[in-house]
Amino acid sequence: MTSSPLVTVFGSLHYDIAVMGPSRPRKGETVTGTSWHPKSGGKGGNQAVSAARTGVATSMIGAVADDDFGRFLLTNLERKGVDHSFVRRDALQSTGMSVAIFDDEGDYGAVIVSGSNLTLGEADVSAAQELLSKTTLLVLQNEIPDAANVVGAKAVKQAGGRVLINAAPARALSSDLQPLIDILVVNAIEAEMLAGVPVVETLEGALEAARKLVQTFPQVVVTAGGSGVAYANRDGEEIVIEAVKIKVESTHGAGDEFIGVLAAEIASGRSMNEALQKANMQAAKLVATPEAQRL
């Protein structure tokens with residue numbers, strides 16, 4: 001392992017189209033929007049940018065096509081200080097993309113088309129073996145195949161690194177992947193799926209979910225939206241942090257900002273309490289920033 005912290009994100013890259021409107025359309029409804037703009041996205045890409053912004057060395061393993069969307073995403077990673085040496089250019093697939101529709105209250109709904117992200121797998125891990133052998137913390141999500149997450153996690157664990165997974169979007173984690181996870185981060189919906197019990201989106205509900213999930217995962221973080229975040233581990237440590245009170249401009253990307261900062265702080269050797277406090281604060285700052293003002 002290298003003495004300098006290194007965060008590696010193995011995950012998705014999406015070209016996002018953000019559409020602003022007074023409300024999100026209901027079934028069969030057409031809503032007149034006010035503006036739209038392109039932005040770099042995908043949980044993997046967002047989390048890598050967030051981690052790099054803290055100053056911690058951050059690398060991305062992913063896949064885009066050799067098209068305008070892919071070039072846009074690579075330029076963004078380079079501009080934000082993320083090493084994209086192991087982002088593969090796929091000649092057969094299109095670059096992943098999404099459309100997100102925002103309402104006046106800053107909430108949104110989105111549709112993603114995964115494209116090249118679904119081609120990630122063992123070959124990408126093999127190509128990045130040297131990078132993974134130096135990785136302090138590997139960050140995974142559920143926007144790439146479970147099998148890809150398994151081989152990536154195995155490579156890092158064998159080299160002595162740790163694995164954090166943001167289990168989003170919600171889906172069951174395979175029995176091959178579960179034992180490789182050191183830190184699980186989920187929201188209330190994802191926690192409910194994995195725990196198999198109803199989860200209320202309150203700090204108390206988040207902590208109860210973390211207590212349940214820690215029976216399966218060594219460390220668990222459950223975010224509770226505007227209420228805050230709860231943490232539990234197998235040593236019996238529990239942390240509850242209230243949300244920072246801010247004026248909501250847009251919730252888009254808040255979870256990814258939280259994950260990226262959390263990963264960078266953990267990789268740098270901060271205590272979990274320090275890491276959660278910093279991640280909570282940075283996510284709040286993002287939510288308070290209008291979409292048009294985000295660089």
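Start by selecting Val9 together with strand S8 (residues 137–141): the bridge partner of Val9 in S8 is Val139. Strands here are DSSP runs of E with at least two residues, helices are runs of H or I with at least four, and both are numbered from the N terminus. You are looking at a predicted model, in which local features need pLDDT of at least 70 and side-chain atom pairs count only at pLDDT 80 or more, while totals for chains, interfaces and linings use all residues. Residues are numbered from 1 along each chain as its sequence is written, and side-chain values use heavy atoms, with hydrogens and water left out.

**Stop 1: strand S1**

Now select S1, residues 6–10. Its link to S8 is parallel, over four bridges; two strands count as paired if DSSP finds at least two bridges between them. S1 also pairs in the parallel sense with strand S4 (residues 57–65), over five bridges, and there Val9 stands opposite Met60.

Show the side chains next. Leu6, Thr8 and Phe10 point one way from S1, and Val7 and Val9 point the other way. In a regular strand the side chains alternate between the two faces of the sheet. Five of the five residues of S1 are buried, so the strand is largely enclosed by the rest of the structure. Buried means under 20% relative accessible area, exposed means over 50%, and partly exposed lies in between (1.4 Å probe, protein chains only).

**Stop 2**

**Stop 3**

Select strand S2 (residues 14–20), where five of the seven residues are buried. S2 belongs to an open sheet of four strands with mixed pairing, in the order S3-S2-S6-S7. S3 and S7 (108–113) stand at the edges with a single partner strand each, so one side of each has no neighbour in the sheet. Neighbouring strands of this sheet are turned by 20° against each other on average, direction ignored.

Some pairs to pick out:

- S2 with S3 (residues 35–41): antiparallel, seven bridges, with Val19 opposite Trp36.
- S2 with S6 (residues 97–102): parallel, six bridges, with Asp16 and Ser98 as bridge partners.
- S6 with S7: antiparallel, six bridges, with Ser98 opposite Ile112.

Axes are lines fitted to C-alpha atoms, for helices over the stretch in contact, and angles run from 0 to 180 degrees between N-to-C directions.

**Stop 2: the largest pocket and H8**

Select Tyr108, Asn187, Thr251, Ala254 and Gly255, which lie nearest the centre of the largest pocket among its 48 lining residues. Helix H8 gives the most to this lining, with five residues.

Finish at Glu265 in H8 (residues 254–267). Is Glu265 buried or exposed? At 9% relative accessibility, Glu265 counts as buried. Leaving aside residues up to four places away in sequence, Glu265 touches Arg270, Ala275 and Lys278, where contact means heavy atoms within 4.5 Å.

Definitions and conventions: On a 1 Å grid over the protein atoms alone, a cavity is a set of points where a 1.4 Å probe fits but cannot get out, and a pocket is an open set with protein on both sides within 12 Å along at least five of seven lines; lining residues have an atom within 4 Å of a point.
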